[in-house]
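Here's a quick tour for anyone opening this structure for the first time. Have a look at the model, then read on.

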Amino acid sequence: MKLLNQSLKYLSLSILMIVTIWSVIFYLNMLSEIKSSIDEGLENYKRLIILNAAEDSTILTKKYFDESFFTIQEISREQALSTKDRYFDTELYMQDADDQAPEVEPVRMLTTAFEMNGSYYELKVANSMVEEDDLIQELLWDVVWLYVVLILGVVIINNIVLRSLWKPFYDFLQQLKNYRLGRSKQFPEVRTQTREFVDLQEAVNTLLKRSVATFEQQKEFIGNASHELQTPLAVVSNKLELMLEEESLSASQLENIAEIFQTIQQLVRLNKTLLLLSKIDNKQFLENESVAIHEVISVNIEKLIDFSTFINIAVSSSEMEPIAVQMDFSLANIVVANLLKNAIFHNHEKGNVNISLKAGVLSIANTGNPNPLDVEKIFQRFQKFDSNKGAGLGLAIVKAICELYGFEVSYRFENGLHLFEVNFNTN
Amino acid sequence: MKILVIEDEVLLQQSIKESLEKESFLVETASDFYAAMDKVFVYDYDCILLDIMLPNGSGLDILNELKEAGKSENVIIISAKDSLDDRVKGLELGADDYLTKPFHLAELNARVKAVLRRKHLQGNRAISLANLELDFEDRTLLVDGKAVSLNRKEFDILNYFLLNKNRLVNKTALAEHVWGDNSDQADNFDFVYYQIKNLRKKLQECGAHVEIESVYGVGYKLVQK
């Protein structure tokens, strides 16, 4: 969930709560305010009725609520003395202005007692009151409207204010997403004065600097380690070569030394490959020139023809559209050679390899393993899908070179063929 | 023929010396910059093997001095650093060749002999052994004066064997020399064996007095019959 929506969620929930509590309190307050104002009115009526009763004694015989809103009843002195002014809610059967027929209506009633000419009377004054359910309904709608308006306001404020406040953050995030260790030259930058974001940038950049330093160290380490291995490997390799020439060795000794020698040769090749990878990673190949890919392809087919005919693999090429690419010549050669070797050697008996170069896309399709290879793993270092066939670095090198120049390299399994493609068109 | 090996790794230096002595060269050695500078300017060598990274100085500086003295054309740089920069710099300073460690002794032999051949050009455009004569310029083989047709790879194989006659040439070294970078898969097949078999057949058919012996799955040796 986006931050914007999160804050909206919490705001609308809390506003809903505040508005609800507020409207209950407001309703209760208003109701008591209404009642006390009605009570004042009743008090007024009382005085007016008593005054009128002094002049017009007929009033004193009014026993029922009919056209007027009071009743007077004679009571005993004791009763009168024990009566206190009492205000209460009750209901009366009556007809309001908005009613078709008389009905039960809520009223506020005052009961009191007074003395006139030695007689004691009980007075009941009533005043019609707001119908509570009407009030509640009215109020509810008001509250709903208030809520809607508040939420709308919050949404608009959120969208305008928060969006503009958080914009530097989203910009920063995008830059961070596009950041590639070892490839991006500039650190992500936040364009704002907001302290939290500036702090964030500093924290992120410190972290990135440390990662870059580690990355560089690691690259250097691989390069240096492979480099330092060259001389000891040369010593061992040459000593073994001399040893193999010794006449005094028995056949079994010779065979053992030969095995050691072959193993050392594997090590030598592995080390050379690691050095190459490290050089590519360190961008030590920058001799860019215009390389005719179609020529590189035909030269490499020619170079590998001895091997492919020996193991009965038919190498054919269709659709060779000439294309020149700006890159290091030896790297172009490695890309083509590695893909070709891969297609030829990871093949089955009497298999075939087809190469095409069309619209800047080199496609190499080969027969071989009847199952598709793991797309995720195939370009990773030291991934071997066949035992005893190289160290599993050939495709990793192809990938590294393509990444260096921004070419896209892909693998898919189509119609029983393994298809590798390199798109030399860069955007 | 006198050869100077300038290499600070003594074990490697000794192996190179031993291998070159088997070819009946006179080999001297130097292990650091000063010793190398002394020898280079006191004696004349037919070929100098020069390591770039030396104690007390750079091999490239020695090469620079040699160039100024007009003696740099018979230098082969041997370096652990396969850097294009060094290679270009070395060759610009007049070095004849650049060999990256680790290398095969057979390959070193071939390179040294190529330098020597270029240095003493007079009439030396061919190698001969027994009744064989291999012409580098025309890339032809004569057996008893009669031309024998060889394809390009067969010529390269035979040439390599002749440069390393009576020496064990291991399969890896041979494959790397003839098929270059693509030879890394050759070990997995009987590829080299197949190529040698064809060459043997040709040599036998034309009555050559040499033989390519197999040495226990390790490699081959060209000997005179």
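**A proline in a loop**

B:Pro102 sits in the loop that runs between strand S7 (97-100) and helix H5 (105-119) of chain B. What kind of peptide bond joins B:Lys101 and B:Pro102? A cis one, with omega at about -5°. Keep in mind that this is a predicted model. The rest of the tour goes topic by topic.

**Chain B at a glance**

- Chain B has eight helices and 14 strands as its secondary structure.
- Its length is 225 residues, and 38% of them count as buried.
- Take the contacts in chain B between residues at least 6 apart in sequence: 53% of these join residues at least 24 apart.

**Two loop residues with positive phi**

- B:Ala130 is not a glycine, yet its phi is positive, near 50°.
- You'll find B:Ala130 in the loop between strand S8 (126-129) and strand S9 (132-135) of chain B.
- Is B:Ala130 buried or partly exposed? It counts as partly exposed, because it has 15 C-beta neighbours inside 10 Å, while a buried residue would need 20 or more.
- B:Asp144 is another non-glycine residue with a positive phi, this time about 55°.

**The nonpolar cores**

- The largest nonpolar core has 62 residues, and the ones touching the most other members are B:Ile6, B:Leu49, B:Leu50 and B:Ile76.
- Which element gives this core its largest share? That's helix H6 (residues 152-163) of chain B, with six residues.
- Apart from this core there's another one, made of 43 residues, including A:Leu340, A:Ile344, A:Leu357 and A:Phe407.
- Back to B:Ile76: setting aside neighbours within four places in sequence, its contacts are B:Cys47, B:Leu49, B:Ala95, B:Asp96, B:Asp97, B:Leu99, B:Arg111, B:Val112 and B:Val115.

**Where the chains meet**

- On the chain B side, 32 residues are in contact with 35 residues of chain A.
- Four elements of chain B each supply at least two residues to the side that touches chain A: helix H1 (10-22), strand S12 (168-170), helix H7 (171-179) and helix H8 (191-205).
- H1(B) gives the largest share of that side, five residues.
- Sorted by class, the side of chain B that touches chain A has 13 nonpolar, nine polar and 10 charged residues.

**A helix pair in chain A**

- Helix H6 (residues 293-310) and helix H7 (residues 329-345) of chain A have axes that come within 9 Å and cross at roughly 40°.
- That angle is why H6(A) is oblique to H7(A).
- Is the crossing of H6(A) and H7(A) left-handed or right-handed? It's right-handed.
- From H6(A), the contact is made by A:Ile293, A:Val296, A:Ile297, A:Asn300, A:Ile301, A:Leu304, A:Phe307 and A:Ser308.
- From H7(A), the partners are A:Ala332, A:Asn333, A:Val336, A:Ala337, A:Leu340, A:Lys341 and A:Ile344.
- By class, the residues of this contact between H6(A) and H7(A) are 11 nonpolar, three polar and one charged.

Conventions. Residues numbered from 1 in each chain as written. Chains lettered and ligands numbered in written order. Predicted model: local features only at pLDDT ≥ 70, side-chain atom pairs only at ≥ 80, totals over all residues. Core = buried A, V, L, I, M, F, W, Y, C linked by C-beta atoms within 7 Å. Buried ≥ 20, exposed ≤ 12 C-beta atoms within 10 Å, placed from the backbone. Contact = placed C-beta atoms within 7 Å. Nonpolar A, V, L, I, M, F, W, Y, C, P; charged D, E, K, R; others polar. Axes fitted to C-alpha atoms, helices over the stretch in contact; angles between N-to-C directions. Parallel < 35°, antiparallel > 145°, perpendicular 65-115°, else oblique. Left-handed = near helix turned anticlockwise from the far one by under 90°.
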